[in-house]
Each structure stands twice: as C-alpha cells, then as structure tokens.
Amino acid sequence: MTRTLRPILTCGMAKGNTNSVRRHVGHCPTCGNTAPQRIVYSHRHGITWYDDQGRGARGGPDIYSFLCICETCDAPVFYQGVDPNEDGSAWPPLAYPAVSEFGSEVPRNVRKIYDEAVKCKSHSPMAYALLIRKALEAICDDRGIEKAAGKKSDLYHRLQVLLSRGDVPPLLAGMTDALREFGNIAAHEDPNAITVPMTWPVHELFITIIEYIYIAPARLAELRQALKLDRPLKKL
Ligand SMILES: [Zn+2]
C-alpha cells in the first residue's frame, strides 16, 4: 500500500508553481544556492523505535525520504528524517551531499559560524577560510582562553594555550595550526590562493577537531549515563 505524502509536500513548495512538477526550495550544498529543487522521488517507511529500557517496537513516526534535483546546478540533493509533521519542522534534514550539522553539544556561536562557512564553501573559498578562522576563535572563546595583551592575543597563541591545557592532543594541534594558516592566507596574504579543492581537507580537519573537543565527550557522557557508570574514568 502506498501512503500519501500530501501533508509534507504542501510545505516548502516553490511559490507560483502551477504545473504538476513538485518542488522544494532549499539550500544546495553543491552550488551553494538556495533555490527550487525538483522532487523526483519520495518514499516513506517505518522503523524500529526504542524506549528508555532499550526495548524495540514498531508504530512510532515514519521516516520520510525525498530525492530532489537542484534546478540551478542539476546536482542531486537527498533529504531524510523523521516525519516532519511530528516536530513541526516541515521538511526532513539534508542527508546528501553530506553536511555535518552539529548538535547542541557544540556551542551555538561555533555552530552558527560553521553553518555560514559551509554555505559559501563552494562559491567563495576565501570567505570559507575566513569563517573557519573565526570558528577557531569562537572555540577559544568557548574554552575560556582570553586574548592576552600584545602579540599573545593572536590566534596562534590562543591555540597554543588550548594545546597546553590538553583540550587538543598533539596530533590535532598540527591540524589546528594548519587551519589557522589557511585562514591567515585568506586574511593577510593572497585570498586568490585559496581554492575550492583546498577547502575539502580543511573541512574534514575542522570536523575532526569539533568531534574531539565537543562531540566525543558528549557521546561518552551519554554512554556512561546509560551504563550507570558514576565512578571516575580510569586512566589508561
Ligand atoms: Zn545546486
């Protein structure tokens, strides 16, 4: 039996569209435009949901999937998530191209800057570089690393403090330094030297740093809570 997707498809449709082609207005990570996307396939399916005791059951909200084609660049965009009618979100989140959307474990300001950076990654790598540098500053702010007087107020010295405190392990220290240099080129040297392919590894490195500082500790805390572990962590 095919169930109707009518409730969700009335949301986010391109205004003024009178033909039978269904559209969604959304942000395309490939070209960076927020523009109409043609819905070429939609699907809805049930999944197993789990209660606090870990018992699985059917009957919870369905999962909605939409395959769209960006009408600006012709690239596919795939959305998937829990029935948006359940939480009033109107449209499921982006699933492809993969864009890391951070949750509340990452400070709001860091998330905000990162989201802006992602939007301009494909069409303005220089702006992306500047925003990643700004996001590193925001991480230092969040970790309470004040700007010291004089020369020591720069990002290099603030990241050194982050390293010396153990917030970032030595391997990641090299990563943060590379990201800082990337931002410096855009800010002080030759913005045209920043290319789109350069943003790809930078993006991966930035996510790795965020995962180490914020996401992994949050996941560990969740697991410890689920296992009812209230004793301190053992040192390896
Ligand atoms: Zn596009």
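Modeller: Helices (H or I, at least four residues) and strands (E, at least two) are themselves DSSP runs, numbered from the N terminus. This is a predicted model, in which local features need pLDDT of at least 70, side-chain atom pairs count only at pLDDT 80 or more, and totals for chains, interfaces and linings use all residues. Residues are numbered from 1 along each chain as its sequence is written.

Colleague: Thanks! How many helices and strands does the protein chain have?

Modeller: There are seven helices and seven strands in the protein chain. From the N terminus on, their order is α-β-β-β-β-β-β-α-β-α-α-α-α-α.

Colleague: Which element has the highest mean pLDDT, and which the lowest?

Modeller: Strand β5 has the highest, 95, while helix α1 (residues 6–9) has the lowest, 39. pLDDT is the predictor's confidence in each residue, from 0 to 100. The average for the protein chain is 82, and 86% of the residues score at least 70.

Colleague: Where does pLDDT stay under 50?

Modeller: Over residues 1–19. Where pLDDT is low, the predicted coordinates should not be read in detail.

Colleague: Back to β5, then. Which strands pair with β5?

Modeller: Strand β2 (residues 34–45) is joined to β5 by eight bridges and runs antiparallel to it. Strand β6 (residues 76–82) also pairs with β5 in the antiparallel sense, over seven bridges. To find your way around, look for Q37, whose bridge partner in β5 is C70, and for Y64, which stands opposite G81 in β6.

Colleague: Which residues of β5 are on the covered face?

Modeller: Y64, F66, C68 and C70 are on the covered face, and I63, S65, L67 and I69 are on the uncovered one; the strand spans residues 63–70. In a regular strand the side chains alternate between the two faces of the sheet.

Colleague: What about the hairpin of β5 and β6: how many residues are between the strands?

Modeller: Five, and D74 in that hairpin takes a positive phi near 75 degrees, although D74 is not a glycine. Most residues other than glycine have a negative phi, and most peptide bonds are trans.

Colleague: Is D74 buried or exposed?

Modeller: D74 counts as exposed because it has 11 C-beta neighbours inside 10 Å. The rule is that a residue is buried if 20 or more other C-beta atoms lie within 10 Å of its own, exposed if 12 or fewer, and partly exposed in between, with C-beta atoms placed from the backbone. C28, with 24 such neighbours inside 10 Å, counts as buried.

Colleague: Where does C28 lie?

Modeller: In the loop between β1 (23–27) and β2. Leaving out residues up to four places away in sequence, C28 touches several residues, including N33, Q37, C70 and V77. Touching here means contact: the two C-beta atoms, placed from the backbone, lie within 7 Å.

Colleague: Changing topic: which peptide bond is cis?

Modeller: The one that joins Y96 and P97, with omega about -10 degrees. P97 is found in the loop between β7 (94–96) and α3.

Colleague: And which residues of α7 are buried?

Modeller: T199, V202, F206, I210, I213 and Y214. They pack against α4 (125–142) and α6 (170–188). An α-helix has 3.6 residues a turn, so residues three or four places apart point the same way. H203 in α7, with 18 other C-beta atoms within 10 Å, is partly exposed.

Colleague: Where does α7 bend?

Modeller: At E211, by about 50 degrees. That bend is the angle between axes fitted to the seven residues ending there and the seven starting there.

Colleague: Last one: how many residues does the largest nonpolar core have?

Modeller: It has 28, and A117, A129, L131, I132, A135 and L136 have the most contacts inside it. α4 gives the most to this core, with nine residues. A second, separate core of eight residues includes I39, Y64, F66 and C68. A nonpolar core is a set of buried Ala, Val, Leu, Ile, Met, Phe, Trp, Tyr and Cys residues joined through C-beta atoms within 7 Å.

How values were computed:
Two strands pair if DSSP finds at least two bridges between them.
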